[in-house]
Amino acid sequence: EQLSTAMASTQVAVLCGETGSGKSTQVPQMLLEEALASGAGGTTSILCTQPRRIAATSLARRVASERGEQVGGRGSLVGYQVRLESKRTESTRLLYCTT
């Protein structure tokens with residue numbers, strides 16, 4: 001709830017928390033679902049940075065799977081961009097990338 005309030009007043013947030021707390025999987029999905037429910041899904045972009053390529057790609061696959069999507073697939077809202085490898089489309093709203 002505090003994060004939702006914070007995101008309503010700013011465009012950028014840095015989230016810190018314990019390992020396994022859902023910072024990279026649950027929170028981005030929650031923000032995406034809120035945007036879709038409010039009708040702002042088409043203008044929403046959520047960027048989730050990861051320190052390593054393997055983390056970005058595996059998290060994107062996991063989140064897409066949880067949503068019943070395929071990473072970078074047609075109509076998929078989840079994608080990734082690492083180095084020169086990209087799995088995203090115009091419909092991508094949640095992008096995992098390396099720092």
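Visitor: Which residues does Arg93 touch, not counting residues up to four places away in sequence?
Guide: In this predicted model, Arg93 has its place in the loop between β3 and β4. Leaving out residues up to four places away in sequence, the residues that Arg93 touches are Leu32, Gly41, Gly42, Thr44, Ser45, Ile46 and Leu77.

Visitor: How far from Arg93 is the nearest side chain of opposite charge?
Guide: Arg93 is buried, and yet this residue has no salt bridge. A salt bridge needs a side-chain nitrogen of Lys or Arg within 4 Å of a carboxyl oxygen of Asp or Glu. For Arg93 the nearest side chain of opposite charge belongs to Glu90, and the distance is 7.5 Å.

Visitor: Where in the chain is the confidence lowest, and where is it highest?
Guide: Taken over the chain, the mean pLDDT is 91, and 100% of the residues reach 70 or more. Helix α1, residues 2-9, has the lowest confidence, with a mean of 78, while the highest value, 97, belongs to β2.

Visitor: In what order do the 4 strands stand in the open sheet?
Guide: Strand β2 and strand β4, residues 94-98, run parallel and are joined by 4 bridges. Strand β2 also pairs with strand β3, residues 85-87, but in the antiparallel sense and over 3 bridges. The pairing in the open sheet is mixed, and the order of its strands is β1-β4-β2-β3.

Visitor: Which strands stand at the edges of the sheet?
Guide: The open sheet has the strand order β1-β4-β2-β3. The strands at the edges each have a single partner strand, so one side of each is left without a neighbour in the sheet, and these strands are β1 (46-50) and β3.

Visitor: Which strands of the sheet does α3 touch?
Guide: From one strand of the sheet to the next, the twist averages 15°. Helix α2 packs on this sheet, where it touches β1 and β4, and its direction makes about 170° with that of β1. Helix α3 packs on the sheet as well, its direction making about 170° with that of β2, and the strands that α3 touches are β1, β2 and β4.

Visitor: How many of the residues of strand β2 are buried?
Guide: Strand β2 covers residues 78-82 and is mostly covered. One of its residues is Val82, which counts as buried because its relative accessible area is 1%, and buried means under 20%.

Visitor: What is the bridge partner of Val82 in β3?
Guide: Val82 is found in strand β2, and towards β4 this strand has a bridge between Val78 and Leu94. Not counting residues up to four places away in sequence, Val82 touches Arg53, Ala56, Thr57 and Thr98. In β3, the bridge partner of Val82 is Glu85.

Visitor: Which residue takes a positive phi in the hairpin of β2 and β3?
Guide: The two strands of this hairpin pair in the antiparallel sense, and there are 2 residues between them. The residue with a positive phi, near 50°, is Arg83.

Visitor: How far apart in space are Val82 and Tyr96, C-alpha to C-alpha?
Guide: In sequence, Val82 and Tyr96 are 14 residues apart. In space, from C-alpha to C-alpha, their separation is 8.2 Å.

Visitor: How far apart are the closest N and O atoms in the salt bridge of Glu33 with Arg67?
Guide: A search of the whole structure finds 3 salt bridges, one of which is formed by Glu33 with Arg67. This pair links distant parts of the chain, as Glu33 lies in helix α2 (residues 26-38) and Arg67 in the loop between α3 (53-66) and β2, 34 residues apart. Their closest N and O atoms are separated by 2.5 Å.

Visitor: About how many helical turns separate Arg62 and Glu66?
Guide: The side chains of Arg62 and Glu66 meet in a salt bridge, 3.1 Å from N to O. Arg62 is partly exposed, with a relative accessible area of 46%, and Glu66 is also partly exposed, at 40%. Because these residues are 4 residues apart in helix α3, the separation is about one helical turn.

Notes: Residues numbered from 1 in each chain as written. Predicted model: local features only at pLDDT ≥ 70, side-chain atom pairs only at ≥ 80, totals over all residues. Heavy atoms only, no water. Buried < 20%, exposed > 50% of the residue type's maximum accessible area, 1.4 Å probe, protein only. Pairing = 2+ DSSP bridges. pLDDT = per-residue confidence, 0-100. Lys, Arg positive; Asp, Glu negative; His and termini not counted. Contact = heavy atoms within 4.5 Å. Axes fitted to C-alpha atoms, helices over the stretch in contact; angles between N-to-C directions.
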